[in-house]
Amino acid sequence: MTAEHKRLQENAQKPVPLEKWGPYLSERQWGTVREDYGHYGDAWGYFPFEHAHYRTYLWGEDGIAGMCDYLQDLCFGVAVWNGKDALIKERLFGVGNYKGNHGEDVKELYYYLDNIPSHYYMQYLYKYPQTAFPYKKLYEENAKRSRQEPEYEILDTNAFKDNRYFDVLVTYAKESSNDIFIRIDVTNRYNRAADIHLLPTLWFANKWSVDKDAAKPVIVWEDSNCVKTYHKNAGNYYFYFEQPRHSWFTDNETNYEKFNSTPNTSVFVKDAFHDALLHDKHRKELTERKQGTKFSPVYKLHVHAGETKTIYCRLTDTEQEEPFYNEFKNIFTTRKREADEFYNAINKKEITTELKKINRQAYAGLLWSKQYYRFDVEKWITGTDGITPANNGKIHGRNNDWKHLKNEDIICMPDKWEYPWYAAWDLAFQCVAMAAIDPVFAKHQLLLIMREWYMKPDGQLPAYEWNFSDVNPPVHAMAAWWVYKIEKQQKGVGDVRFLKKIFQKLIINFTWWINRKDDNGNNLFQGGFLGLDNIGVFNRSHHIPGNLRLEQADGTSWMGMYALNMMDIAMEIAIHDDAFEDTATRFFEHFVLIAEALNEQHLWNEEDKFFYDVLCLNDGTTKPLQIKSAVGLTGLYAVSTINKNVLKQLKDFNKRITWFENYRKENHLFWPNEDKSDSDEMLLSLVPKEKLIPILQRLLDEDEFLSIAGIRALSKAHEKIPYSVTIDGHEYSIRYEPGDSTSDMFGGNSNWRGPVWMPVNFLIIQSIRRFGMFYDDSLKVEYPRGSGVQLNLQQVADKLSERIINLFVRNSNGERRCYEDYNWFYQQPGNEELILFYEYFHGDSGKGLGANHQTGWTALVAQLISEYNEPKP
C-alpha cells in the first residue's frame with residue numbers, strides 16, 4: 001500500500017472519485033462544436049485559432065501545461081514569449097481541419113512526462129523555439145501539399161535547428177489536495193544566451209457572460225508576492241509567486257475592437273498581456289490595477305547556454321506566513337519518490353527498464369488526458385454567444401435531437417488538442433488501460449457515459465460532439481468486463497455491485513441496437529461507419545447508393561461480441577445472485593443466433609475464406625463487397641470460455657444451455673461451441689475452428705495483414721489489386737494506403753485503409769490469446785506465413801504484442817520505429833526518453849501518424865506490456 005494507493009483509497013469513498021485539482025484544462029477550445037454559434041455548423045471557421053487570444057470561450061478554457069479545479073472555475077497555465085513572436089505563446093498552435101492537407105493537426109512539441117492518478121505529482125515538457133514561431137510557414141506548406149503528400153510538421157521547419165530552443169518543464173507537487181506547488185524550469189538548449197519572458201497565469205473561466213445571475217469572481221492583490229482569488233463555488237485561494245518584474249491584472253473578456261471593430265468599454269480584455277508585452281500598450285494600467293479575473297506575474301529571464309532557471313509558485317486555500325518555507329523544495333522529491341513507488345508496485349512483473357519507461361509515459365499521457373467537459377445541448381441550440389443570435393441553422397442542425405444531453409464532468413479525452421471532446425468507443429478502451437492504475441476512476445467513467453444526461457432515452461450512447469448520433473462499436477460491455485477482471489486480479493475480490501449497475505444500463509443500450517440496427521430482424525446488423533471512418537468503399541454512415549441495404553460483417557460481429565460479453569457479466573453476477581441466471585441464458589442464446597446468422601447466411605465467402613459486408617440488391621439478390629479489411633476480422637473478437645465448475649454452480653443456466661445444444665444439434669442447426677474432454681473449459685466463438693485457421697493464415701501473411709508494426713486495417717493485397725464496385729452507374733473503389741488518408745471522408749484526418757490501429761490490434765491479440773489458452777499445442781499456425789515456423793496461438797499473441805511494443809522501443813541505433821524520419825531529433829541528448837503515443841501507425845514502416853498524443857487508446861500498449869511474455873534466452 002503505497003502513499004498513492006492510500007490517496008486513491010480515500011478518493012474512492014467520494015461520490016465522484018476525483019481530486020479537486022488536476023490536469024483538467026483542455027489544450028484546444030477553439031474550433032470545437034461547443035463554441036460554434038454560426039448558421040452553418042462550421043466550427044473551424046466560426047472560432048479559429050486567430051481569435052483565441054482575444055475572444056472569450058463560453059464552454060471551456062485552454063492552455064499549456066495547465067490545471068484547473070474539477071468545475072473549471074479557476075485555471076492555471078504557463079505562457080512564454082521569446083521576444084520575436086507576434087503572440088505570447090499561451091496555447092498550442094495547430095492547423096484547423098481545412099488548413100491541413102490531412103485535416104487538423106497540432107504543430108508543437110510537448111510531452112506528458114509523468115502523472116499519478118491523484119495528480120499529487122505531474123510533469124509536462126514544452127519545447128519553445130527561440131526564433132520566431134513559424135506560423136506562416138506551417139500554414140503555407142500544409143496548404144500547398146496534396147493529400148498524397150505527408151503533413152508538414154514543425155520538425156520539418158528550422159525552428160529547432162541547432163537546438164535553438166528552450167525546454168519549459170512544468171512540475172506540480174501537491175502538499176495536500178488544495179495546496180499545490182508549481183516549479184517551472186526553463187533550460188536554454190542553444191549554445192548562446194537567450195532571453196525569455198515567463199507568465200505563470202491564473203484566470204477565471206468566463207461563466208458570468210452566459211449566466212447573468214452568476215456572481216462575478218475576482219482575483220485581488222494582496223502584496224508583491226501574493227494575490228487572493230474569490231469565487232462563490234470554488235472557494236478562496238492564495239496564489240504565491242517569487243518576485244516578478246511586473247504584476248499584471250486584466251479580465252477574461254472579449255476584445256471586441258479586434259474582433260469586429262466595436263470599441264471596448266475597458267482596456268482590461270483577454271489579450272491585454274499580449275499588447276502590453278509586445279507593443280508596450282497599457283502597461284501602466286495593468287500594473288496599477290489591483291484586481292481582475294486574469295492575473296500574471298511577469299518574469300524576464302536571461303538564460304545562458306545550457307543553463308536552467310527556475311521559478312516557483314504555489315496555489316493554496318490556506319494563507320501562508322512563509323509560503324516558500326526553507327525545505328519546501330523537498331515536496332517535489334517526496335512526490336517523485338511516491339510516484340516511483342506507485343509505478344514499481346504497478347509493474348510487479350519483471351520487465352526491462354525500457355519497457356517500464358514506456359509504460360509510465362503511456363499512463364502519464366492517459367492521466368493528462370482527463371479534461372473538464374461542459375455542454376448543455378439545449379442551451380447551446382437555443383442560445384447565443386452574444387455575437388450571433390439564435391438561428392435556424394442551429395435549431396434544426398447538428399445534434400438537435402440530443403437536447404437531453406447536459407454534460408459537466410471530468411472525462412478522458414482521446415487527445416486534448418486534436419480531439420478535445422469525448423468519443424464513446426475511445427473512452428471504453430481508455431478505461432481498460434486506466435484500470436491498471438485507477439480502477440475506481442475507470443469504473444466511474446464507464447458508468448458516467450451510461451447516465452441519463454449522456455445516454456439517450458431510447459438507449460443510444462453519444463458518439464462525439466460533431467455528431468452524437470453517429471454509431472460507434474458497442475464495446476462498453478467488453479470494457480466493463482475487462483475493468484472488473486483487472487481490479488479483481490489486483491484486489492482478489494471483484495466489484496459485483498459495479499457489474500450490476502452497469503449491466504442494467506448496458507441492457508438498455510443492447511436493446512437499442514436490436515431494435516434500431518437489425519432492419520430485417522435476421523440478426524444481421526448495420527451501424528454505419530462504426531468508428532472505422534473510411535474503411536468502406538463508400539461512406540457506410542450515409543444513404544447507400546441505389547437505395548440499397550448494407551448488411552455489415554463488423555456490425556454483426558460486434559453484436560456477437562456484445563452478447564457474449566453480456567453473458568460473461570451475467571454469469572459472474574449470477575454466481576453471487578442467482579436471479580441473473582435467466583439473463584445469462586438469454587444472452588447466451590442471442591449469441592448463438594448471431595453466430596448462426598454470421599456463419600450460415602451470406603457474410604462468409606467460402607471461396608475467399610473471409611467475412612465481407614454484403615449489399616442487398618433491389619431484385620432480392622446479394623453482392624459481397626470483397627474488401628479484405630478489419631471488417632472481416634471483427635468476428636475474431638467474440639470468443640470466451642466457460643469453466644465447467646462454474647456450470648455446476650449455475651444449475652439452471654447449465655440445464656438450459658444443455659437443452660438448447662441438444663435441440664439445435666438434433667435439428668442440424670448451427671452450434672458455435674467447442675468442447676474438449678480433457679479440458680475444464682468450453683469454448684464459445686463466432687468463428688469456428690475451420691474458419692479460424694484460414695482467417696489466421698491471411699492475418700499472419702506479411703503480404704496481407706501482418707505488418708512490421710502489427711495488424712493492418714486493410715490487406716496489403718489491395719495495393720496491387722484495388723477493389724472497385726459500380727452501383728447506380730457510379731464506380732467506387734478502395735486501395736491499400738499505408739499512411740495518411742488521401743480522401744476527405746470523415747474530415748480526412750484518419751485512415752483505416754492500411755495503417756495499424758491499436759484498438760483493433762489489442763482485440764485481435766486478446767482473442768488469439770484466448771483461443772490459444774483453449775487449444776494450447778493442439779492448434780499451431782505458421783508465423784509469419786511462409787516462414788515454416790509453427791507456433792501455438794499464445795505464442796502468436798506474444799509475437800503480435802512484440803511488434804506493437806517495438807513501435808516504441810529504441811533499437812540498437814537508439815531509434816524508435818514510431819519516429820522514422822524524426823529520429824535525428826529524438827537521439828539528441830535530453831530527448832532520448834521522450835515518447836509520443838500516436839493515433840495510428842504507417843502500415844509498412846510503423847511511423848506514427850494522426851493525433852500524436854492519443855494516449856487514449858494507444859495507452860493500451862501498457863496492458864500489452866504487462867501481459868507480454870518475453871522470449872527466454
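Predicted model: local features only at pLDDT ≥ 70, side-chain atom pairs only at ≥ 80, totals over all residues.

Start with strand β10, residues 194–204. How many of its residues are buried? The count is 10 of 11, so that strand is mostly covered, taking buried as under 20% relative accessible area. Now its partners. Strand β3, residues 74–81, pairs with β10 in the antiparallel sense, over 8 bridges.

Next, the aromatics. The count comes to 80 aromatic pairs, with ring centres within 6.5 Å as the criterion. Take Y111 and Y826: their ring centres are 6.2 Å apart and their planes are at 80°, so this pair is edge-to-face, for which the planes must be over 60 degrees apart. Where do the two residues lie? Y111 is in strand β6, residues 109–115, and Y826 is in helix α24, residues 823–826, so the pair ties together parts that are 715 residues apart in sequence. Y111 is buried, at 1% relative accessible area. Y826 is buried as well, at 4%.

A second example is Y419 with W421. Here the ring centres are 5.3 Å apart and the planes stand at 65°, so this pair is also edge-to-face. Both Y419 and W421 are buried.

Back to Y111 and Y826 for a moment: they belong to one aromatic cluster, whose members also include F160, Y165, F808, Y819 and W824.

Two charged side chains sit over rings. R55 lies over the face of Y46, at 4.9 Å from the ring centre. K676 lies over the face of F774, with 4.9 Å to the ring centre.

Last, the surface. Which residues form the nonpolar patch there? They are W659, Y663 and L669, and together they have about 300 Å² of accessible area. L669 is in the loop between α19, residues 651–666, and β26, residues 673–675. Its relative accessibility is 33%, so L669 counts as partly exposed, the class between 20% and 50%.

That is what I have; questions are welcome.

Conventions:
Residues numbered from 1 in each chain as written. Heavy atoms only, no water. Patch = residues over 30% accessible without salt bridge, like charges linked within 9 Å, V, L, I, M, F, W, Y side chains within 5 Å. Areas by Shrake-Rupley, 256 points an atom, 1.4 Å probe, with all protein chains shown as cover. Salt bridge = Lys/Arg side-chain N within 4 Å of Asp/Glu carboxyl O. Helix = DSSP H or I, 4+ residues; strand = E, 2+ residues; numbered from the N terminus. Buried < 20%, exposed > 50% of the residue type's maximum accessible area, 1.4 Å probe, protein only. Pairing = 2+ DSSP bridges. Phe/Tyr/Trp six-rings, centres within 6.5 Å; stacked < 30°, edge-to-face > 60°. Lys NZ or Arg CZ within 6 Å of the ring centre and 35° of its normal.
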